Amino acid sequence: MNQAAKVQPAKGPLVWLDMDQKALDDAYDQLVYAPNRDQVHKRNMFNSDRVRARLGAPKRVAYGPTAMEQLDIFATTKPNAPINVFIHGGAWRTRAAKDYAFMAEAYVRAGAHWIALDFDGVENTKGDLLPMADQVRRAVAWVYNNAKSFGGDPNRIHVSGQSSGAHLAGCVVTTDWKDYDVPSDIVKGALLCSGMYDLKPVRLSKRSDYVAFTDESEEKLSSQRRLNRLNCPVIVSYGTFETPEFQRQNREFAEAVKKAGKPVTLLVGEGYNHFEMAEMIGNPLSLLGAAMLEQMKL
């Protein structure tokens, strides 16, 4: 029997597009497509330590009342400088801002403040994504209201995020900011790297085992359904070694933004998997780092 004639495993009932349950579950399980996750994370922690050794420890500041609601500020020496607020990923689970400091140096050296947010994971919210979205929105509002205290320009705030952090960053740029008593154009640009912008297929996947999706959270936190509130240019990106769903989510989000008549750039990382894409954000010569610095006019 030749290779082409081999019998393929029978699919189960289709649950999303051309995917059965296993295919969909795999498409939202990064380890299936990127088994080097832990290796990349160790590399990021190693490089974060090296950045702190060169730049010094960041200023640690509270943006909210709980112990988790704090952020790290790596300040540049230039006065009235632009600001990059980074929202980390991790499948909406708890992660530490300190492990992403490896990104800071490119922006600080270029003349921008770099801020990483800490916020609750679903372990601390009973699986609810709505409080997490509120935390990162409040953090961005705090940065706007307090920018001058660390030499930042409140009128040049940019947001970046990767994976579930890009999902939350998508929620940030489609926020109704009157609820937070800040201007509607608070964010001047964003980089959304390997994110999710429509939660319907995510809800159908095995991520529902630990995320308590509801009709309300799916609707309110699917940024692709909130593009009327988007009022800044966005860079959307994914890698060619990412899962089919993560590639599709980013392609279709970028296309939806374009159809809405709003500025968008789609960047594809050739040969990069999901975890490796984040490393480019901190590299000023890379596809993503160069694009973000250009967006920030640095």
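The model is a predicted one.

Two packed helices are described by the angle between their axes and the distance between the axes. The discussion begins with helix α6, which spans residues 164-173. Because 10 of its 10 residues are buried, α6 is largely enclosed by the rest of the structure. The buried residues are Ser164, Gly165, Ala166, His167, Leu168, Ala169, Gly170, Cys171, Val172 and Val173. Their cover includes the strands β5 (81-87), β7 (152-162) and β8 (187-193), together with helix α5 (130-146).

The packing of α5 on α6 can be described in detail. Their axes lie 9 Å apart and form an angle of about 60 degrees. An angle of this kind makes α5 oblique to α6. The crossing of these two helices is right-handed. An α-helix has 3.6 residues a turn, so residues three or four places apart point the same way.

The crossing of α3 and α10 is left-handed. From α3, Arg37, Val40, Arg43 and Asn44 meet Phe275, Glu276 and Glu279 of α10. In terms of class, the contact of α3 with α10 has two nonpolar, one polar and four charged residues.

Helix α10 is itself mostly covered, with seven of its eight residues buried. Those buried are His274, Phe275, Glu276, Met277, Ala278, Met280 and Ile281. At the start of α10, a side-chain oxygen of asparagine 273 comes to within 3.0 Å of the backbone nitrogen of phenylalanine 275.

Is aspartate 72 buried or exposed? Its relative accessibility is 7%, so aspartate 72 counts as buried, the cut-off being under 20%. Aspartate 72 belongs to strand β4 (residues 70-74). Its side chain is joined to that of arginine 60 by a polar contact of 2.9 Å. Leaving aside residues up to four places away in sequence, aspartate 72 touches Pro58, Lys59, Arg60, Ala97, Lys98, Trp114, Ile115 and Ala116.

The last topic is backbone geometry. Most residues other than glycine have a negative phi. Leucine 17 has a positive phi of about 50 degrees although it is not a glycine. Leucine 17 sits in the loop between β1 (14-16) and β2 (19-20). With a relative accessible area of 52%, leucine 17 is exposed. Asparagine 80, likewise not a glycine, has a positive phi of about 50 degrees. Asparagine 80 is located in the loop between β4 and β5. Its relative accessible area is 41%, so asparagine 80 is partly exposed.

Key:
Residues numbered from 1 in each chain as written. Predicted model: local features only at pLDDT ≥ 70, side-chain atom pairs only at ≥ 80, totals over all residues. Heavy atoms only, no water. Left-handed = near helix turned anticlockwise from the far one by under 90°. Helix = DSSP H or I, 4+ residues; strand = E, 2+ residues; numbered from the N terminus. Contact = heavy atoms within 4.5 Å. Nonpolar A, V, L, I, M, F, W, Y, C, P; charged D, E, K, R; others polar. Buried < 20%, exposed > 50% of the residue type's maximum accessible area, 1.4 Å probe, protein only. Polar contact = N/O pair within 3.5 Å; in protein donor to acceptor, adjacent residues only side chain to side chain. Axes fitted to C-alpha atoms, helices over the stretch in contact; angles between N-to-C directions. Parallel < 35°, antiparallel > 145°, perpendicular 65-115°, else oblique.
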